[in-house]
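Dear colleague,

My notes on its ligand and the surrounding protein follow below.

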Amino acid sequence: METAAVASKDVTVSLAEKKPKVVFVLGGPGSGKGTQCAKIVQHFGYTHLSAGDLLREERDSGSENGTMIKNMMNEGKIVPSEVTIKLLQKAMVENGNDKFLIDGFPRNEENRAAFEAVTKIEPEFVLYFNCPEEELERRILNRNQGREDDNIETVRKRFKVFLESSLPVIEYYKAKGKVREIDAAKPIEEVFEAVKVIFAPKVEKVKSSRCSSCAIL
Ligand SMILES: Nc1ncnc2c1ncn2[C@@H]1O[C@H](COP(=O)(O)OP(=O)(O)OP(=O)(O)O)[C@@H](O)[C@H]1O
Ligand SMILES: Nc1ccn([C@@H]2O[C@H](COP(=O)(O)O)[C@@H](O)[C@H]2O)c(=O)n1
Ligand SMILES: [Mg+2]
């Protein structure tokens, strides 16, 4: 226990020194977070960390938390923040990159407040994929990736948790002017066109004065 606490402190210190740039990626189950993150990685050099994928790896690793994670996921419930944050911290410290897309996190107020308190990292912004429930259900039931939680009963529970616990987090960041909302009901390439606008470097507006070395106004 003492060793685990020390290891966790070391990770926290390393992360504080690294000061990574973080973008949170949120949206209902099946809204296309993973699909769009893969594209952002290719075009904009971020590293994609999916909280759900990290929890699935931990569940399957034979760790002491495995059974608890499995039960929570099958019920569509949110795993205690301590577990998820340790996995995210470790993944960020071990990775050479300094800019991360954190997909599916923070899922509730507890996730949000604990991440901020432990890591002292404030996201650059929150990318929010907004999509109606009927479309989410259609996508999840056609996904065929063998996920135990991709069944109609669990999807409905996950969507309820999204409305009750995750939307308030999005509202919290909206009030801080940090949410970039995307209509995720459109086809994949159209959604990515909207995503690109958000990630593309902003070109500074040229002042309307005469350029001294050329004839441009
Ligand atoms: N814009 C889109 N239009 C149609 N299908 C899509 C779109 N985006 C993603 N999909 C498909 O929907 C399914 C869910 O997408 P994805 O896995 O990216 O969602 P997610 O938000 O990561 O879901 P989860 O929260 O369950 O991990 C996949 O089969 C994907 O190919
Ligand atoms: N912050 C999180 C993220 C995910 N979970 C659990 O994992 C399930 C799947 O997540 P996806 O993002 O891959 O859909 C989710 O339903 C939760 O059970 C979590 O607890 N905390
Ligand atoms: Mg996903």
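Which helix gives the most to the lining of the largest pocket? Before the answer, please keep in mind that this is a predicted model. It is helix 3 that gives the most to that lining, with five residues, and strand 1 (21-27), helix 2, strand 2 (47-50), helix 7, helix 8 (152-175) and helix 9 are among the elements that each supply at least two residues.

The largest pocket has a volume of about 970 Å³ and is lined by 45 residues, of which G30, K33, R143, R147 and R158 lie nearest its centre. Sorted by class, this lining has 15 nonpolar, 17 polar and 13 charged residues.

The space taken by ligand 1 is the largest pocket. Two or more residues of the shell around ligand 1 come from each of helix 2 (33-44), helix 7 (133-141) and helix 9 (188-199), and helix 2 gives the most to this shell, with three residues. The shell has six nonpolar, six polar and six charged residues, and of its 18 residues K33, T35, R143, R158 and K186 come nearest to the ligand.

As for polar contacts with oxygen atoms of ligand 1, a polar side-chain atom of K33 lies 2.7 Å from one, a polar side-chain atom of T35 lies 2.5 Å from one, and for R147 the corresponding distance is 3.0 Å. Of the 630 Å² of accessible area that ligand 1 has on its own, the protein covers 79%.

With best wishes

Methods:
Residues are numbered from 1 along each chain as its sequence is written. Chains are lettered from A and ligands numbered from 1 in the order in which they are written. This is a predicted model: local features need pLDDT of at least 70, side-chain atom pairs count only at pLDDT 80 or more; totals for chains, interfaces and linings use all residues. Side-chain values use heavy atoms; hydrogens and water are left out. A residue is near a molecule or strand if one of its heavy atoms lies within 4 Å of it. A polar contact is a pair of N or O atoms within 3.5 Å; within protein, one must be able to donate a hydrogen and the other to accept it, and residues adjacent in sequence count only if both atoms are side-chain atoms. Accessible areas come from the Shrake-Rupley method with a 1.4 Å probe; for residues, only the protein chains shown count as cover. On a 1 Å grid over the protein atoms alone, a cavity is a set of points where a 1.4 Å probe fits but cannot get out, and a pocket is an open set with protein on both sides within 12 Å along at least five of seven lines; lining residues have an atom within 4 Å of a point. A molecule sits in a cavity or pocket if more than half of its atoms lie within 2 Å of its grid points. Helices (H or I, at least four residues) and strands (E, at least two) are DSSP runs, numbered from the N terminus. Ala, Val, Leu, Ile, Met, Phe, Trp, Tyr, Cys and Pro count as nonpolar, Asp, Glu, Lys and Arg as charged, and the others, Gly among them, as polar. Grid points are joined across faces, edges and corners, and a volume is the space filled by probe spheres set on the points.
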